Protein chains: 2
Amino acid sequence: MGATTETRREQANAEALHRLVTAEPVLVDIRPAIEVVPGMTPETILTSGAPMPWERYTGGQRSAVIGGALYEGLAADAADADAKLRDGHIKLGACHDHACVGSLAGIYTASMPVFVVENREHGNVAYCNSFEGPSRKRLNYGVYDEEVRASLEFLQEVAAPVLQAALRRVEGGIPLRPLIRRALNMGDELHSRNAAATLLFTRELVPHLLDVAEELPEQTRRCVSFMADNDYFFLRLSMAYAKATADAARGVEGSTVVTAMAFSCQEFAIRTSGTGDEWFRAPLPQVEAKYFVGHGPQDAEFMGGESIINETVGLGGFAQAAAFPLQDYQGGSPEQMVKANLEMYEITAGEHPQLRIPSLAFRGTPIGIDVARVVETGITPVMDIGVAGKGGGQIGAGVLRAPLACFEQALERLDG
Amino acid sequence: MGATTETRREQANAEALHRLVTAEPVLVDIRPAIEVVPGMTPETILTSGAPMPWERYTGGQRSAVIGGALYEGLAADAADADAKLRDGHIKLGACHDHACVGSLAGIYTASMPVFVVENREHGNVAYCNSFEGPSRKRLNYGVYDEEVRASLEFLQEVAAPVLQAALRRVEGGIPLRPLIRRALNMGDELHSRNAAATLLFTRELVPHLLDVAEELPEQTRRCVSFMADNDYFFLRLSMAYAKATADAARGVEGSTVVTAMAFSCQEFAIRTSGTGDEWFRAPLPQVEAKYFVGHGPQDAEFMGGESIINETVGLGGFAQAAAFPLQDYQGGSPEQMVKANLEMYEITAGEHPQLRIPSLAFRGTPIGIDVARVVETGITPVMDIGVAGKGGGQIGAGVLRAPLACFEQALERLDG
């Protein structure tokens, strides 16, 4: 690579970084996907990962898509859903192509409520559906039964109307970066730990919930109880924040900065700013996980996942040193967490000027993964993830490293 | 000291430690001091520190006591208050002798609402009045004017009735140790940082506040707003927790474990488990502080302070390594905070089995300050404190070390 190319790349990456750190995502609403998600149709189901033909979806992710079809009333039973997914009657889409991001299997159907997050600085909008609740059985972990249906109905019929009424009372919406900034001071890295952000978000809503309670007393009590019981509630808001941020950095010619990372049940894949919507794919990596009692590595199964959009914008594994309590949940020691976090500065274009890590003397989070640096150093992104089990459900949590191959492919394309 | 004495002391300290770590403080109510505080009379004013004759109180602490007299309607003006304090018409008492602890000047008068915290394991009860609000002008920082009066009236007439109604709806009260345990995972050390604990406490109350709002709609909204704006709100609950805990360890014959530490405007003083209610006094130490803009060391003034009851039970400076965000507020670096925190294990009788510090690989907090170890090592307790300014008001925050002399005196008495 010549000096001029290098300068051009540096400039392109500076622009991508600038867009990442100046993003101002603001939560403004929660609405049914069909009303707001671009390209959504009544027959669309979105799922996580670089898209593949329906036949390649297996295990929990396949079950989750079929579960979505049943929940939405698009099919009479699993066989019917399978047939309709084969013949295109039900349209399978990739979350990332619809300004959405999926947690694990990441199922979106038309009627599901989604948080609406506007990037006030750059004008783009991102969406994320809601955390399903504390049960290990969830649609996004590949399970669909009466319990899961009840959880999804609760979100749609009880929680969403209350949250919508409260959010619409908040003048100008709720800016998410200030909440994330504070949560980083309170033990969250905003991927596997969202306990503080959930509390901070709840506090923002409480005055408005007092008003909503006058109209919807019973629903408001149930919604408050749901949020109080779910330290993970904010995860979907941090994901929508991250998607709104990352999307703003798309399309900078020549930039080697990563704009998306995603799992499907078969592959890990990335996109970069300079290569548009092309996915660079690699085989699934190894997980180092801490399993819930009664489970082990033999039970683990990949079933998709795009919550690593948070790592893409410098949260999660890239802010591990802000979240030492995670050593209990996903294993590791404070020293290992600091070491992994510090490594991420080797592969990123810069540091976030507002989002800072207290244990690193308030150093800004490493942000803007540069595929050129990843390939040069051989250091790949570290990611905090929930681990799904064969047959569905969450069975643990862990840390994993992205596979190098997709970064090499992306760099080759960018160099080409 | 002979081997038998040593064994006896070890046994005594083990008993004191056992009482400290098994305490189960539960918040059950908020009521006017006159209704619940032992020995309180309509003419009593409590203040911080080992007691002294009225004439020795100077500066902000003196102003605060006089302010308390005016607020309570015990005197027509400052001169009248001074005269009545001199002749005993107004009775000046020490908070610690009334199961209370005072923040800074620590003024309690008969009508002020106090949190009621029962130690379910040991049967004793402790009390603490409420945080006055975010203004730098507060009675406990030595200021009394119309603004301060309005804050105190707000607590008495708006916040206390709402909190009382909410607390009385909580079956069995609110156990405080679980909230403190979680807050230590969320960047609080529960003295200079109570942001997470305040949020966690608020979350416990929200369902009940929805009910209270039906009866007291306007007051509930004002109370919720007060709690939302005050990250320090929980400090008084952590102090009542600490007092309920420390008092349980009083009176173990031969124990060298500290049961109270307190500042007045003139002295630092401690009590130990084996020496009853005697105070061991020493001159005031030096403060290392970070001052608010426009202030410096020349403006600092001691005006009392018993929030260091939190350090007495292993919080505050003894859990600094849980609260790296404090480097911004009170100075220091993460490394200095870890170092100071680790030193405290050299002078304590044990570690708390439930309350743990994430950055120290979940090591239990050091608890049970042993005057024998303090004297042997020359290491004195580290304390996170707010710094008051001459003329009143908070002007900064800092870290200080207790003076050695009072530990030497206590050990001499215990050895004697």
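Biologist: Among contacts in chain A between residues at least 6 apart in sequence, what share join residues at least 24 apart?

Modeller: Happy to start there, with the reminder that this is a predicted model. Contact here means heavy atoms within 4.5 Å. Taking the pairs in chain A that are at least 6 apart in sequence, the share joining residues at least 24 apart is 72%.

Biologist: How many helices and strands does chain A have, and what is its radius of gyration?

Modeller: Chain A holds 14 helices and 14 strands. The globule rule gives 22 Å for 416 residues, and the value for chain A is close to that, so the chain is as compact as a globular protein of that length. Its radius of gyration is 20 Å.

Biologist: What percentage of the residues in chain A are buried?

Modeller: A residue counts as buried when its relative accessible area is under 20%. Of the 416 residues in chain A, the buried ones make up 63%.

Biologist: Now to chain B: why do the buried residues of helix 12 line one face?

Modeller: Good one! In helix 12 (residues 334-343) of chain B, the buried residues are B:P334, B:M337, B:A340 and B:N341. An α-helix has 3.6 residues a turn, so residues three or four places apart point the same way. Seen down the axis of helix 12 of chain B, the buried residues line one face because they fall within an arc of 130°.

Biologist: Which exposed residues does the face turned away from the buried side of helix 12 of chain B carry?

Modeller: The buried side has cover that includes helix 11 (326-330) and strand 11 (348-357) of chain B. Exposed means over 50% relative accessible area. On the face turned away from that buried side, the exposed residues are B:E335 and B:K339.

Note on methods:
Residues are numbered from 1 along each chain as its sequence is written. Chains are lettered from A and ligands numbered from 1 in the order in which they are written. This is a predicted model: local features need pLDDT of at least 70, side-chain atom pairs count only at pLDDT 80 or more; totals for chains, interfaces and linings use all residues. Side-chain values use heavy atoms; hydrogens and water are left out. Helices (H or I, at least four residues) and strands (E, at least two) are DSSP runs, numbered from the N terminus. The radius of gyration is taken over C-alpha atoms; the globule rule is 2.2 Å times the number of residues to the power 0.38. Buried means under 20% relative accessible area, exposed over 50%, partly exposed in between (1.4 Å probe, protein chains only). The arc is that of the directions from the helix axis to the C-beta atoms.
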